[in-house]
Amino acid sequence: MRANIHPDYHTITVVMTNGTEYQTRSTWGKEGDKLNLDIDPSSHPAWTGGNQQLMDRGGRVSRFKKRYEGLGI
């Protein structure tokens, strides 16, 4: 392996949206920095099962629904 090609791997503190903190190792920032999250698993709809919007770009969703409406899906 070549020397001095890998980034520095150090300990940082991650702050969740609800204020809880935990220590992890990362290449982000410097030793002891705090990473404040805007979105995390406790607040994002993908993990919490919240409402999600289905965007119909160019009528693709409506064409799909029309094509398969008789299947009872």
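Thr13 counts as buried, at 8% relative accessibility, where buried denotes under 20% relative accessible area, exposed over 50% and partly exposed the range in between, for a 1.4 Å probe and protein chains only. This residue lies in strand S1. When neighbours within four places in sequence are left aside, Thr13 is in contact with Glu21, Tyr22, Gln23, Asp33, Lys34 and Leu35; contact here means heavy atoms within 4.5 Å. The model is a predicted one, in which local features need pLDDT of at least 70 and side-chain atom pairs count only at pLDDT 80 or more, while totals for chains, interfaces and linings use all residues. Residues are numbered from 1 along each chain as its sequence is written, and side-chain values use heavy atoms, with hydrogens and water left out.

The protein chain has two helices and three strands, arranged from the N terminus on as β-β-β-α-α. Helices (H or I, at least four residues) and strands (E, at least two) are DSSP runs, numbered from the N terminus. Of the 73 residues in the protein chain, 12% count as buried. Among the contacts with a separation of 6 or more, 7% are accounted for by residues 24 or more positions apart. The protein chain exposes about 6700 Å², of which carbon and sulfur atoms supply 51%; accessible areas come from the Shrake-Rupley method with a 1.4 Å probe, and for residues only the protein chains shown count as cover.

Strand S1 (residues 10-15) pairs with S2 in the antiparallel sense over six bridges. Pairing of two strands requires that DSSP find at least two bridges between them. His10 has Ser26 in S2 as its bridge partner. The two strands S1 and S2 form a hairpin with five residues between them, and Gly19 in the turn has a positive phi of about 100°. A positive phi, near 60°, is also found for Asn4, a residue other than glycine. Most residues other than glycine have a negative phi. Asn4 lies in the segment before S1 and is exposed, with a relative accessible area of 81%.

The structure holds one salt bridge. Glu21 forms this salt bridge with Lys34, the closest N and O atoms being 3.2 Å apart. The pair links distant parts of the chain, with Glu21 in strand S2 (residues 21-26) and Lys34 in strand S3 (residues 34-36), 13 residues apart. A salt bridge is defined as a side-chain nitrogen of Lys or Arg within 4 Å of a carboxyl oxygen of Asp or Glu. Glu21 is partly exposed, at a relative accessible area of 47%.

One aromatic pair is present in the structure. Phe64 and Tyr68 form this pair, which is tilted, with 4.9 Å centre to centre and 50° between the planes. Rings of Phe, Tyr and Trp (its six-membered ring) pair if their centres lie within 6.5 Å; planes under 30 degrees apart count as stacked, over 60 as edge-to-face and the rest as tilted. Phe64 is exposed, with a relative accessible area of 52%, whereas Tyr68 counts as partly exposed at 35%.

Leu71 is found in the segment after helix H2 (60-67) and is exposed, with a relative accessible area of 57%.
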